[in-house]
Amino acid sequence: MEPIISIIMPIFNRANLIAETLDSIKNQTYTLWECIIIDDGSTDNTVEILKKYQEEDNRFKFFVRPNNITKGPSSCRNFAFEKALGSYIQFFDSDDIMHQDHLNLKINSIKDSDLVVCKLKEFEQEFDKQEFLLDTVPNISYQNLFEDFVSGAFPMMMVAPMWKKESLQPYLPIREDLHILEDYDLYARALFEPKKISIINEILILYRMGLSSSTNSFYSNIDYGLESYLEAKRTVLKLTSSKSVRLCILKMTLGFFRMGLAQQKYEGCQKCIDFIKHERLLYSIKLKMQFFRIHFFISFLNL
């Protein structure tokens, strides 16, 4: 018997978009799936739409997040995982679109691997299936899976992989205290230990840009998610002492430091500086000299 794939989806106020997403799942050529949807307290008519899909197709399994569970997508995903019956786990977002062969290609590619990854492509607001055919996304490759992932050379968003359930389970639950980079934290811990990965260099998922999200909130106001960003990076730094990884994290942290200066979020700037010092990211004389110039500059801001 062919295996069941459990699709896990948190949702909040997506009444205007969710039908497109659910239709793309319903139209999959691989039919042995269940879609576990956890509503996170929607105030529009999202729930009514979900109930309708569940009544028409019992592979959709809709639940409301219990009041005793923390609000947020991570807690919803953790709750859904406990209900998953499938041997494979596919996280998905409530405004994204699956290619009709998405699940079929992944289940046929994963074989004895721990996970299989496909290419993703962003789109703006209106869905056009022709987007799947316009492949402008670079092919996925890596040299060192863990280091390439944590440094961003091997980008892997939450929805990109399908996992064997037994390969992902040891790293759960997803951290519920992070506003952003909860997927980065989870996958860093998972990929640090040897994993066998299959790659499908085809666009099988379209993800929607331009909507409000935690990540967008962070980039518009670093105070929103800076603690989560730094905590996720601490996870990586506890796992490895690689100089290339430390240098990458140093550069990214300095990038957010500069963003804080531009936004006049000086408390956030100080947190970036304290993080760099505490985590000892300045592992060379050259880096220390460059940092000294930055430190000298910010001393005039009374940070």
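This is a predicted model: local features need pLDDT of at least 70, side-chain atom pairs count only at pLDDT 80 or more; totals for chains, interfaces and linings use all residues.
I started at Ile5, which stands opposite Tyr88 in β4. Residues are numbered from 1 along each chain as its sequence is written, and side-chain values use heavy atoms, with hydrogens and water left out.

**Strands**

I looked up which strands β4 pairs with. Strand β1 (residues 5–11) runs parallel to β4, and four bridges join them. Strand β7 (residues 161–164) runs antiparallel to β4, with three bridges; there, Ile89 has Trp163 as its bridge partner. For pairing, DSSP has to find at least two bridges between the strands. Helices (H or I, at least four residues) and strands (E, at least two) are DSSP runs, numbered from the N terminus.

Buried here is under 20% relative accessible area, exposed is over 50%, and partly exposed is in between (1.4 Å probe, protein chains only).

Next I checked β2 (residues 33–39) and β3 (residues 60–64), which pair in the parallel sense over five bridges. From β2 the chain passes through helix α2 (residues 46–56) to β3, a right-handed β-α-β crossover. Right-handed means that, with the strands pointing away from the viewer, the path from the first strand over the helix to the second runs clockwise.

**Two helices**

I then turned to α9 (residues 226–239) and α10 (residues 243–263), whose axes come within 11 Å and cross at roughly 170°. That makes α9 roughly antiparallel to α10 (the label for angles over 145 degrees). On the α9 side, the contact (heavy atoms within 4.5 Å) includes Tyr229 and Leu230; on the α10 side, Ile249 and Phe256 are among the residues.

The peptide bond from Leu172 to Pro173 is cis, with omega near 10°. I found Pro173 in the loop between α6 (165–168) and α7 (182–192).

Lys111 isn't a glycine, yet its phi is positive, near 45°. Lys111 sits in the loop between α4 (102–110) and β6 (115–124), and counts as exposed because its relative accessibility is 60%.

Arg280 isn't a glycine either, and its phi is also positive, about 55°. I placed Arg280 in the loop between α11 (266–278) and α12 (285–298). Its 66% relative accessibility makes Arg280 exposed too.

Note on methods
Axes are lines fitted to C-alpha atoms, for helices over the stretch in contact, and angles run from 0 to 180 degrees between N-to-C directions. Angles under 35 degrees count as roughly parallel, over 145 as roughly antiparallel, 65 to 115 as roughly perpendicular and the rest as oblique.
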